[in-house]
Amino acid sequence: MYYNKNEHVGDTEDIGTVIFDLTCTADNGERFIIEVQRTAQDNLKKRMLYYSSKLIADQAPKGNRRAWNYAISEVYIIVLMDGFAMPDAGDEKCFLHDICLCYRDHGKIFYDDLGFIYVELVNFVKAEAELVNDLDRWLYVLKNMSSLNGLSTYLRKPIFEKLFQLAKYSKLKPEEREMYNVSLRNKWDAESIRSSQEDQLKRAREKAMAEGKAEGEVIGKAEGKAEVIKNLLSSNKFSISEIAELADVTVEFVKQIEAEKAKGK
């Protein structure tokens, strides 16, 4: 998944710029808008419908629309409502509303690639011991983040630990944040130096092994040729220059082998 720009400029001056809280695209092409609302709004539903239409319309290419053939990816709007209830929800205390386009008469889904998910955090009242799945854990953390001093065993997962660290960072005062950033940069620098040293040591070892192997091959070839030269010298059939040519070595090398042979080496 990757994050997209959250500002969508209108095609003309008459169409204003739309700024989303967060937009992202999944690996399979699904697109998401995530909105966080802390106060009730009478036009919330209409605004989310407008946002979804904007994200759909922006998928159309500037030209060659016939070849595009309305290949619209799935679009989902996720609205986190903190501190207020779903507009026109009545007495219903559901905290999760999964909405799509469907037929009025029998409820069958009409179009499944556009969805609206409204989350009423005010209606989520589960305690930590009642959390049974990751959705419960996410909603609990989102609702209680400001009052959490740490993560309990019910929330002890890497993703929530990372979220908790980010939340703690956002609460820091400017001077505290700068101290944290300096400390973090020092940690990254130390890790970078350590990693660089390990890479250098690894390359040095590989180079030494390669050079040792090459040197061994050279020594092996020289020893093999020395034996051939000794045999040719013992035959007394070839001159020094002829032996050098047959063994593909220099005349000086043949004379060196001859001298060693004479000494009984």
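**View 1. The largest nonpolar core and the residues at its centre of contacts.** Leu44, Met48, Ile77, Val79, Met81, Phe116 and Tyr118 touch the most other members among the 15 residues of the largest nonpolar core. Here a nonpolar core is a set of buried Ala, Val, Leu, Ile, Met, Phe, Trp, Tyr and Cys residues joined through side-chain atoms within 4.5 Å, and buried means under 20% relative accessible area, with over 50% called exposed and anything in between partly exposed (1.4 Å probe, protein chains only). At least two residues of this core come from each of α1 (44-57), β6 and β8. Helices (H or I, at least four residues) and strands (E, at least two) are DSSP runs numbered from the N terminus. Keep in mind that this is a predicted model, where local features need pLDDT of at least 70 and side-chain atom pairs count only at pLDDT 80 or more, while totals for chains, interfaces and linings use all residues. Residues are numbered from 1 along each chain as its sequence is written, and side-chain values use heavy atoms, leaving out hydrogens and water.

**View 2. Leucine 44 and its contacts.** Leaving aside residues up to four places away in sequence, leucine 44 touches Gln37, Val79, Met81, Phe84, Pro87 and Tyr118. A contact means heavy atoms within 4.5 Å.

**View 3. Aromatic pairs, starting with a stacked one.** The whole structure holds 5 aromatic pairs. The ring centres of phenylalanine 32 and tyrosine 76 sit 5.6 Å apart with planes at 25°, so this pair is stacked. Rings of Phe, Tyr and Trp (its six-membered ring) pair if their centres lie within 6.5 Å; planes under 30 degrees apart count as stacked, over 60 as edge-to-face and the rest as tilted. Phenylalanine 32 belongs to strand β5 (residues 31-37) and tyrosine 76 to strand β6 (residues 75-81), so the pair ties together parts 44 residues apart in sequence. Phenylalanine 32 is buried at 15% relative accessible area, and tyrosine 76 counts as buried at 18%.

**View 4. An edge-to-face pair.** For phenylalanine 95 and phenylalanine 124, the ring centres are 5.2 Å apart and the planes at 90°, so the pair is edge-to-face. Phenylalanine 95 is in the loop between β6 and β7 (96-102), and phenylalanine 124 is in the loop between β8 (109-120) and α3 (134-144), so to speak linking distant parts of the chain, 29 residues apart. Both phenylalanine 95 and phenylalanine 124 are buried.
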